Amino acid sequence: MAASPSSMPVPTKASENSSANQSNEKKQDVGKFVELPGAEMGKVVVRFPPEASGYLHIGHAKAALLNQHYQVTFKGKLIMRFDDTNPEKEKEDFEKVILEDVSMLNIKPDQFTYTSDHFDTIMKFAENLIKEGRAYVDDTPPEQMKQDREQRIESKNRSNSVEKNLHMWEDMKKGTDYGQTCCLRAKIDMNSNNGCMRDPTIYRCKNEAHPRTGTKYKIYPTYDFACPIVDSVEGVTHALRTTEYHDRDEQFYWFIDALGIRKPYIWEYSRLNLNNTVLSKRKLTWFVDQGLVDGWDDPRFPTVRGVLRRGMTVEGLKQFIAAQGGSRSVVNMEWDKIWAFNKKVIDPVAPRFTALLQDEAVVVNVPEAQEEEKHVAKHPKNADVGTKSVWYGPKVLIDGADAETLSEGEMVTFINWGNLNIIKINRNAQGKIVSLDAKLNLANKDYKKTTKITWLAETAQAPFTPAICVNYEHLITKPVLGRDEDFKTFVNRNSKQEECMLGDPCLKDLKKGDIIQLQRRGFYICDQPYEPVSPYSCKESPCILIYIPDGHTKEMPTSGSKEKSKASTTKKTVSAETCEAIPATDVGLPSTPPASASNPLELFQKVAAQGDVVRDLKVKKAPKSEVDAAVQHLLSLKTDYKQMTGQEYKPGNPPAKLCAPPTLSGSSIGTDGRSLYDKVSQQGEVVRKLKSEKAPKDQVDAAVKTLLALKTEYKEKNWSGI
């Protein structure tokens, strides 16, 4: 006995094999992490050192989660260190923000520190370098210094005596007018091919007050000088850095050796570069200042709070990073890759609900249906997710897009209810469907070839939940920006779309952050829960749901059955402008010679082709005007078909006279014709199946050859009169 629609699909041996394949996939998804040299269980110390000058983005998240990975793997220690070496950029507000971001990522550092905790120590190391003749104070103007370094020209101050350097150093420490024109440079090698080794600046004079140390210091170390010292002092065993720092590694180790301190090991990993994305704080700030986004937690932003608000899970991020492993390859990556990992996390546990487009809903009248409530599983494969209430009744609503795919006499599966027969389709003067009449056929449990649609019963016992579904697109239209290209030229100013929905009554119970699936629409996260009528505004607040990408380039179908949508992708793509009929080879019908406009078979094929055009446009979320035009053409073709044949167009059922080939007296040609037609149809299915499964070309060619032979035979015996 076939399974009920409420529990489809039923686990089978095939699905078990599929699960095994998925399990193997997961194993392959885990990247190879390079073992940390010298790492000992229980003794590994890593650190995550963000600058307190902005919100963490997904690149920071990768760094933080990688450090956490090694902390956990080696049962070691993770230090969270604020790099506060630049008083101009440091803001205490951002410290709080970053700590919140780290908490959102479920990262729990063992120790919190600041680079400023070690300012006295760092200053003493700098003075030691001066006294040893390994550093000098330079008053060369910044632009001139930059040019000299590029041209490998030594500064006039490079040969100054230790005494003169210490005197100039004191000016810097006091923040005098002259001291503010100076900086301290390490004396390394001005002829080095590595620009980072050409006497880099290690201290600069700044009179700004520091958030933690106030006005105690007038000089501050550069990150490149402070980092190796603090790593060594704090006991860091392995410093994880992106490959963009590779040229600075030589400098890092020079400081370690010159100061005679313990050497941490630098472990490199690839930076996360994402297409259609900018990570620069300056550029992201521009979007906020221009009002193009809602704030730093806007779901279009690559910030930690932005991607989490859009429905990314920490576990999904972890799996994505694990799949990259210890890769050092710097590549630009599509967001789809990350969202695909996220789907693996949410799909097994996201409860299923229903929502219909408010302005496109069509009434289905089922007079014999009784108004009643039943409880069904929230998830077809996971009973632990729980159950939900489903209301049934004589008046239900379906999506208008689904209604357009139905035909009179067709048996349709209403998910979580059963099979219903469409008795009549009622249209207005413009040909638009305004309602359908249906009859219960619950005794029929055959759901294999039926159209599956979602629906909601209209009942005063359980009113619909008003909802708004929000879909976001990339803020940047170009995948990869050139070095000299202005990102403002490629800003998508129409990257947010909203749709008003009639939601499942159960959506009233959603809480902020709940992740669900709207059946046949996709995954969504609750951004704002539903609120009943307010005594102040006298209005109810709709439930706001944000669409969660699932890693597929094509969006989830919102109309027609899953089978229909799948079939349409294997057929030839037909543009809305040309609306050409799909060849008979593609739709599994007997081929016919060129026919006039009065030929029922040609018209049947045109209706089928236009139906595919409409479905394809909706799957691709084409502009509404384009979809409406295609739908109007489809309705016109269906009207012509009914006038010509006297019957409603039904998918898969060609004109009556095609199904009953003329029988010549005294012969059995009619029976043979029917048999041949069935063979042609069956072989057409074989060809489509092979193409959809991307079978080897020789197999497809052989199947097509058989199909053409059957069509030729059928034509010779039964179609000589057409």
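Where is the place of Asn106 in the chain, between which helix and which strand?

Analyst: Asn106 sits in the loop that links helix 3 (92-104) to strand 3 (111-114). Helices (H or I, at least four residues) and strands (E, at least two) are DSSP runs, numbered from the N terminus. The model is predicted, so local features need pLDDT of at least 70 and side-chain atom pairs pLDDT 80 or more, while totals for chains, interfaces and linings use all residues. Residue numbers start from 1 along each chain as its sequence is written, and side-chain values use heavy atoms, without hydrogens or water.

The backbone of Asn106 stands out. Its phi is near 60°, a positive value in a residue other than glycine. Asn106 has 48% relative accessibility, so it counts as partly exposed. The cut-offs are under 20% relative accessible area for buried, over 50% for exposed, and partly exposed in between, with a 1.4 Å probe and protein chains only.

Asn416 lies in the loop between strand 18 (411-414) and strand 19 (418-427). With a relative accessible area of 10%, Asn416 is buried.

Now the wider fold. The protein chain holds 20 helices and 27 strands. Of its 722 residues, 50% are buried. Take the contacts (heavy atoms within 4.5 Å) with a separation of 6 or more: residues 24 or more positions apart account for 70% of them.

Pairing here requires at least two DSSP bridges between two strands. Strand 23 (residues 465-472) and strand 24 (residues 496-503) run antiparallel and are joined by eight bridges. Across that pair, Cys469 faces Glu499 of strand 24, and Tyr472 stands opposite Lys496 of strand 24. Strand 13 also runs antiparallel to strand 24, through three bridges. There, Leu356 stands opposite Leu502 of strand 24.

A helix covers part of this sheet. Axes are lines fitted to C-alpha atoms, for helices over the stretch in contact; angles run from 0 to 180 degrees between N-to-C directions.

Two helix pairs follow. The axes of helix 4 (residues 119-131) and helix 7 (residues 223-233) come within 10 Å and cross at roughly 110°. These two helices are therefore roughly perpendicular (65 to 115 degrees). Helix 4 contributes Ile122, Phe125, Ala126 and Leu129 to the contact; helix 7 contributes Phe225, Ala226, Ile229 and Val230. By class, that contact has eight nonpolar, no polar and no charged residues.

Helix 2 (residues 58-73) and helix 11 (residues 314-324) also have axes within 10 Å, crossing at roughly 75°. That makes helix 2 roughly perpendicular to helix 11. Ile58, Ala61, Lys62, Leu65, Leu66 and Gln68 of helix 2 meet Leu317, Lys318, Ile321 and Gln324 of helix 11. This contact has six nonpolar, two polar and two charged residues. Ala, Val, Leu, Ile, Met, Phe, Trp, Tyr, Cys and Pro count as nonpolar, Asp, Glu, Lys and Arg as charged, and the others, Gly among them, as polar.

Conventions
Parallel < 35°, antiparallel > 145°, perpendicular 65-115°, else oblique.
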